[in-house]
Amino acid sequence: MRIDLHTHSNVSDGTGRPAQVMREAAAAGLDVVALTDHDSVDGWEEASAEAARLGLAFVPGIEVSARDGWVSIHMLAYWPRPDDAPLAGILALTRDARIGRAQEMVERIAVEFPLEWEDVVAQAGSASTVGRPHIADALVERGHFATRTEVFDEILHNGSRFYVHHHAPEVHDAVRAIRAAGGVPVFAHPGAHARGRVVPDSVIASLAEAGLAGLEVDHRDHDPTQVERLAALADRYGLIRTGSSDYHGTGKLNMLGERTTSVESYEALLAQRG
Ligand code: AMP
Ligand code: FE
Ligand code: FE
Ligand code: ZN
């Protein structure tokens with residue numbers, strides 16, 4: 001069994017349609033795949049229909065934007081009820097805030113690199129959630145940079161002078177809201193320090209207390225030291241260890257199935273579904 005619990009479609013900042021992500025997952029030899037677009041469930045219907053056609057087990061997920069103080073955190077939520085009003089409200093607020101934030105980043109960037117908001121709108125296309133990758137794509141389209149990754153390395157990383165925060169729920173509140181909606185919360189890439197600051201062990205301990213189910217230990221943004229640290233934390237707090245690709249289509253180097261989740265972990269997550 002090959003299980004990949006973290007992928008993105010063009011509903012957020014992936015490049016393929018939800019159905020296409022499912023076809024690629026089947027072609028990559030996966031048996032179970034989750035679609036976890038940022039702050040949106042809009043890809044679930046299309047993905048689950050295509051997965052059913054392909055004989056692929058589909059896990060509906062969301063990568064919920066959250067924060068611990070000023071540290072940005074991504075919280076995966078598996079199987080939450082999409083019609084849960086409090087959770088849907090949190091996601092709607094974040095999606096809305098992301099628009100103003102992206103506009104402000106464009107204003108700052110435009111001082112040095114000619115860029116219009118319309119360029120970003122064109123790159124976002126029909127996406128429900130606007131993010132920095134769409135700004136990156138617009139800068140590539142304008143010819144300022146060669147690839148999305150290059151733009152992040154140069155001017156879109158978290159420490160950049162162009163970086164602007166956006167509203168997001170406090171992470172303990174996010175965990176509780178996901179649980180209240182019947183979802184199973186798993187902390188995405190908790191040790192990805194190249195992206196910015198990461199939270200200390202004490203925050204993971206208090207999140208476990210608040211209802212956190214698992215840690216995405218195996219992820220390409222974790223160096224061996226972080227994998228060891230997170231695996232030990234998972235053991236200590238009884239958190240489920242997952243692994244996944246964080247596939248974004250052609251927008252990033254991540255390949256489907258490059259990291260996977262064990263059957264035991266998958267079953268442990270399923271058992272916690274509300
Ligand atoms: P945002 O949620 O708008 O702050 O943008 C964060 C997203 O940017 C992440 O979910 C990734 O998809 C993408 N991202 C972050 N770092 C990089 C990078 N170095 N190269 C390409 N994409 C990145
Ligand atoms: Fe992303
Ligand atoms: Fe993420
Ligand atoms: Zn992701």
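Donors are N, O and S atoms within 2.8 Å of the metal. In this predicted model, the zinc ion (ligand 4) has four protein donors: His-6 (NE2), His-8 (NE2), Glu-63 (OE) and Asp-246 (OD). These atoms lie 2.1 to 2.2 Å from the zinc ion. Along the chain, the donors follow the spacing H-x1-H-x54-E-x182-D. The pair His-8 and Asp-246 links distant parts of the chain, 238 residues apart. His-8 sits in the loop between strand E1 (3–4) and helix H1 (18–27). Asp-246 sits in the loop between strand E7 (240–243) and helix H10 (263–271). Both His-8 and Asp-246 are buried.

The geometry at the zinc ion (ligand 4) is irregular, because its four donor atoms subtend angles of 78 to 168°. Four donors count as tetrahedral if all angles lie between 85 and 135 degrees. For four tetrahedral donors, the ideal angle at a metal is 109.5 degrees.

The zinc ion (ligand 4) and the iron ion (ligand 2) are 4.4 Å apart. The protein donors of the iron ion (ligand 2) come from Asp-13, His-38 and His-248. In sequence, the donor residues of the iron ion (ligand 2) are spaced D-x24-H-x209-H. Here too, a pair links distant parts of the chain: Asp-13 and His-248 are 235 residues apart. Asp-13 belongs to the loop between E1 and H1, and His-248 to the loop between E7 and H10. Both residues, Asp-13 and His-248, are buried. A further iron ion (ligand 3) is 5.3 Å from the iron ion (ligand 2).

Asp-13, His-38 and His-248 are among the residues around ligand 1. Others around ligand 1 include Arg-98, Arg-101, Arg-132, Thr-149, Phe-152 and Lys-252. Several side chains make polar contacts with ligand 1. An N or O atom in the side chain of Asp-13 is 3.0 Å from an oxygen atom of ligand 1. For Arg-98, a polar side-chain atom lies 2.8 Å from a ligand 1 oxygen atom. For His-248, a polar side-chain atom is likewise 2.8 Å from an oxygen atom of ligand 1.

The loop between E7 and H10 also holds Thr-261. Thr-261 has a relative accessible area of 4%. Thr-261 is therefore buried. A polar atom of its side chain lies 2.7 Å from the backbone oxygen of Gly-243. Beyond residues up to four places away in sequence, Thr-261 touches Ile-3, Leu-5, Arg-241, Thr-242, Gly-243 and Tyr-266.

Tyr-266 leads on to H10. In this helix, Ser-265, Tyr-266 and Leu-269 are buried. Seen down the axis of H10, the buried residues fall within an arc of 100°, so they line one face of the helix. The face turned away from the buried side carries the exposed residues Glu-264 and Ala-271.

Methods. Residues numbered from 1 in each chain as written. Chains lettered and ligands numbered in written order. Predicted model: local features only at pLDDT ≥ 70, side-chain atom pairs only at ≥ 80, totals over all residues. Heavy atoms only, no water. Donors = N, O, S within 2.8 Å, 3.2 Å for Na, K, Ca; no water. Tetrahedral: all angles 85-135°; square planar, octahedral: opposite > 155°, others 65-115°. Helix = DSSP H or I, 4+ residues; strand = E, 2+ residues; numbered from the N terminus. Buried < 20%, exposed > 50% of the residue type's maximum accessible area, 1.4 Å probe, protein only. Polar contact = N/O pair within 3.5 Å; in protein donor to acceptor, adjacent residues only side chain to side chain. Contact = heavy atoms within 4.5 Å. Arc of directions from axis to C-beta. Near = heavy atom within 4 Å.
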